[in-house]
Amino acid sequence: MNQRTYLALAVMTLVACSGGGGSGGVSGTVEVDGSSTVVPITEAAAEDYGLETGGAVRVNVGVSGTGGGFKRFCAGETDISNASRPIVATEMELCRENGVEYVAFQVALDGLAVTVHRQNEFVDCLTVEELKRVWEPGSTVTRWSEVRAGWPAEPIKLYGAGTNSGTFDYFTEVINGEARASRPDYTASEDDNVLVQGVEGDPYSLGYFGFAYYWENRERLKIVPVDSGSGCVTPDDRTVRTGDYAPLSRPLFIYVKKSALARPEVEAFVRFYLENAETLVPQTGYIAMETSRYQEALAQLDQETGGV
Amino acid sequence: MASELTAGDAGRRGLARPDRGVRARRRRERTVGRVLFGFSAVSIFTTLGIVAVLLWDALAFFREVSPLEFLTGTRWTPLFAPPSYGILPLLTGSLLIAAGAALVALPLGLAAAIYLSEYAPLGVKRVLKPVLEILAGVPTVVYGYFALTFVTPMIRAVIPGTDVFNAASAAIVMGIMIIPMVSSLSEDAMSAVPVSLREAAYALGATRVEVATRTVVPAALSGIIASFILAISRALGETMIVTIAAGATPTLTLNPLTSIQTMTAFIAQTAGGEVAHGTIEYRSIFAVGLALFSITLVMNILSGMVLKRYREVYE
Amino acid sequence: MSRPDDVERAAPAVAPPTLPLVPKPVVRRSGAASTQSAAASTDAPQEPRPKARAFKPGEPSRFALRTKGRARFGTFFATICFLATLVGVLVLMVLLVDLLRDGMGRLTLTFIDGFPSRFPDRAGIKPALLGSAWVMLLTAMIAFPLGVGTAVWLEEYAPDNRFTRIVETNIANLAGVPSIVYGILGLALFVRTFSFGRSILAAAFTLALLILPVIIIASQEAVKAVPNSIRLGAYALGATRWEAIRHQVLPLALPGILTGTILALSRAVGEAAPVILVGALGFISYVPSSPMDNYTVIPFQIYNWVSRPQMAFAELAAAASIVLLILLLTMNAAAIWLRNRYTRKL
């Protein structure tokens, strides 16, 4: 072989090696879709995983919503589905019809923060019963004095999650006892930033939304501790993680297709996700679970893939 | 190709590429006609496609909810337990916003068109017309957030008690967005009025404003009304601005200062969300879509009939 | 079609238009209010009219001229129209200032050249920018011929029967269908049935369908406005229908067609709703290199970022909006240059 061929071979080898990065030559595409709530975490994992593999593995993350994500997932179109609620019966049925078997991993927790206006002086704590009386369907509570005796007789301005969000489903289920059961006359929004603005602007407002949005705006709002029977608990990293802040801590999941786990790039990504979740999750504004829970998840992953 | 040109050849050579004669031209004519007809058929297929996609799930919806309740009910809470399926709140929401937007866009757009077409010097027109067209190009997402973060606080400062979501700011911003539709298309229509018509009016002693309002505008009326209809259709069908700024609370009201929900916002907010596909809540999207489609259809048929009476033909 | 005011035209060869052009002449009677009404019919006067006599130059006019009043009204009206035009420009300025104030600080090279990230300082819009460019180009390539072709067929070929009217009503109706319904259609048709998948091609076809009605209607008006004498002249010289259209009618109608296309494409680039449904990705770490690739677009990226809790993302969204506007401005400028270049004097 002459000099030119040696050179060509050297260049080709160089090029072939530079794409592999540290993952030992894993490449391919991982398709992810689903909830817009969970997406920031999955995106963080995808971003760092991309950096680690030097772009050899492409992770595509869509934002079709939990329902849309499950529809695609159960049709076999995606490998991983982000979900802010567990899969429901109709979706399980669809998965079964299409022969899609899956495994669910809980990846983080989201606290639902109940907030009032920054200068609200009289609300220091709300019980779950009081919250229920305000938010239940057919509720006639319109003034603060009807919530607790001694409070001012000012009208309450309510702000809450849009009917089409997992936050709404979750809040209504744990506070009102039934998912979607809520009074309809409140200012609803899918965008929690708007709810922040609303609560901030109305002196007698009351709102609920994701903890991350409260935390980013904590100088502009006043957090209300919630009493579910064992004292007033203020949501923060610790209370949500340990479950003290009940019942308003909700789990966030990823559902992974079992057949996809057979592909090395998918398994590597899920493993990376679970290994690094504890550091990634707080960066996105959500709350990480206990370390042991992540280790359990990794053990479950090992079990599914036969150990690697 | 041929080195000789006869008189009979001149017509053909001058207008067409070198070809093999009359039969080839006739064939080309037929082919072109067929191809263009095929293009036009795309629009028919689009409608058929939309209707098919909407009907599929809407019919499933109507098997569970009576159309009467759907059309006359005054509560729209499909995602609550217990659900109600009366579309009137969504309908009034859409109409309120469209009326507000039309109130802003039609007068301003027409006045701008008159200025551009009859008064503006050519240099000014060459600058202003594209600048106005930029308004049409601003993404609706940007307009939505502009309405929410700029216009709404302004309205709230002037009229305290306005909700953080309200119909007024969405309607105003939407009106601004569709001004160029009215102004550009009306101006084109007015420019197409023959100069001879204007000159005749001047010659008979009309002033500029009289020429503009009594000669040019009536002459260009079909184009102007076409632009109005296009603009109102756009206002009815606009999704993003209302989704972001008008709210998600279906309310049967004519008060523009409260949070409402339009048909399009409901579709957008529900389609991209947490609802499980195949359920009745999901199917309500298609029922609303079908209703919206039917309303715009009826509106367009009526305006088509009205337009026929005003069409002016020259030559 | 912009016809500059200094255009000369041949006098119409056929019957003059039936329009009320001439103010009705009114004989000035003492005490009677002088009116200049646009009504066409002459009504029978209550009093006997004076005998008509020849007009001598220099005589005061027999008509109620009200010159001053009309001139004042004219200035007033012109001012109103000018102010109305300015309203739009003013709002645009306010919007731009608002955006620049929020987003200017984020417009760095890292931003333009980078990929989305959870760290605002590292986040960029390169995939979104290129994705938007790809989608726009393909949409234009699909929608322009389809739209102009349909308009030409409707105006030049279609017989004036019920079927044509149905087609025209249908197109006007399609203009008002919400963009999200096109998204639903695109998902069912292009992504699933035609198996384009969640690719740029599916998005381009969906958006092309979305803007087709606007292009058709605007092109139709442009073609309609070309005077018939042009066509007749071409036919007289031996042209066939298509030759007359292609060489005479279309060049004259081109400015108007381009106006409609500019407006339509501007809308397509800024649409988020249908693109979301058809499969734009929220996170993508590479740039598209073929029409079948996955992609994202700038409006979707904006929508994505604005709903994040961190304030910095709102600034990023403003910066992305500025980039999108610059893209649109470039597009508009190019199209206007084309429009001005091809505007023919009649």
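## Briefing

Leaving aside residues up to four places away in sequence, Ile211(C) touches Ala143(C), Ala264(C), Leu265(C), Arg267(C) and Ala268(C). The model is a predicted one.

**The nonpolar core**

- The largest nonpolar core holds 298 residues, and those touching the most other members are Ala108(A), Ile97(B), Ala170(B), Val173(B), Val182(B) and Ile211(C).
- Helix α6 (residues 200-224) of chain C makes the greatest contribution to this core, giving 19 residues.

**Strand β2 of chain A**

- Strand β2 (residues 57-62) of chain A is largely enclosed by the rest of the structure, because five of its six residues are buried.
- Strand β1 (residues 28-34) of chain A pairs with β2(A) in the parallel sense, over five bridges.
- Within this pairing, Val61(A) in β2(A) has Val32(A) opposite it.
- A right-handed β-α-β unit is formed by β1(A), helix α2 (residues 39-53) of chain A and β2(A).
- β2(A) also pairs with a strand of another chain: two bridges join it in the antiparallel sense to strand β1 (residues 281-283) of chain C.
- Val61(A) has Phe283(C) as its bridge partner in β1(C).

**Helix α3 of chain A**

- Nine of the ten residues of helix α3 (residues 65-74) of chain A are buried, and the helix is mostly covered.
- The buried residues are Gly65(A), Thr66(A), Gly67(A), Gly68(A), Gly69(A), Phe70(A), Lys71(A), Phe73(A) and Cys74(A).
- Among the elements of chain A that cover the buried residues of α3(A) are β1, β3 (80-83), α4 (89-97), α6 (166-176) and β12 (249-257).
- After α3(A) comes Gly76(A), which has a positive phi, near 90°.

**The contact between chains A and C**

- Chain A brings 23 residues to the contact and chain C brings 15 residues.
- On the side of chain A that touches chain C, at least two residues are supplied by each of α2, β2, α7 (192-201) and α8 (211-216) of chain A.
- α2(A) provides the largest share of that side, seven residues.
- By type, the residues on the side of chain A that touches chain C are nine nonpolar, eight polar and six charged.

How values were computed: Residues numbered from 1 in each chain as written. Chains lettered and ligands numbered in written order. Predicted model: local features only at pLDDT ≥ 70, side-chain atom pairs only at ≥ 80, totals over all residues. Buried ≥ 20, exposed ≤ 12 C-beta atoms within 10 Å, placed from the backbone. Helix = DSSP H or I, 4+ residues; strand = E, 2+ residues; numbered from the N terminus. Pairing = 2+ DSSP bridges. Right-handed = clockwise from strand over helix to strand, strands pointing away. Contact = placed C-beta atoms within 7 Å. Core = buried A, V, L, I, M, F, W, Y, C linked by C-beta atoms within 7 Å. Nonpolar A, V, L, I, M, F, W, Y, C, P; charged D, E, K, R; others polar.
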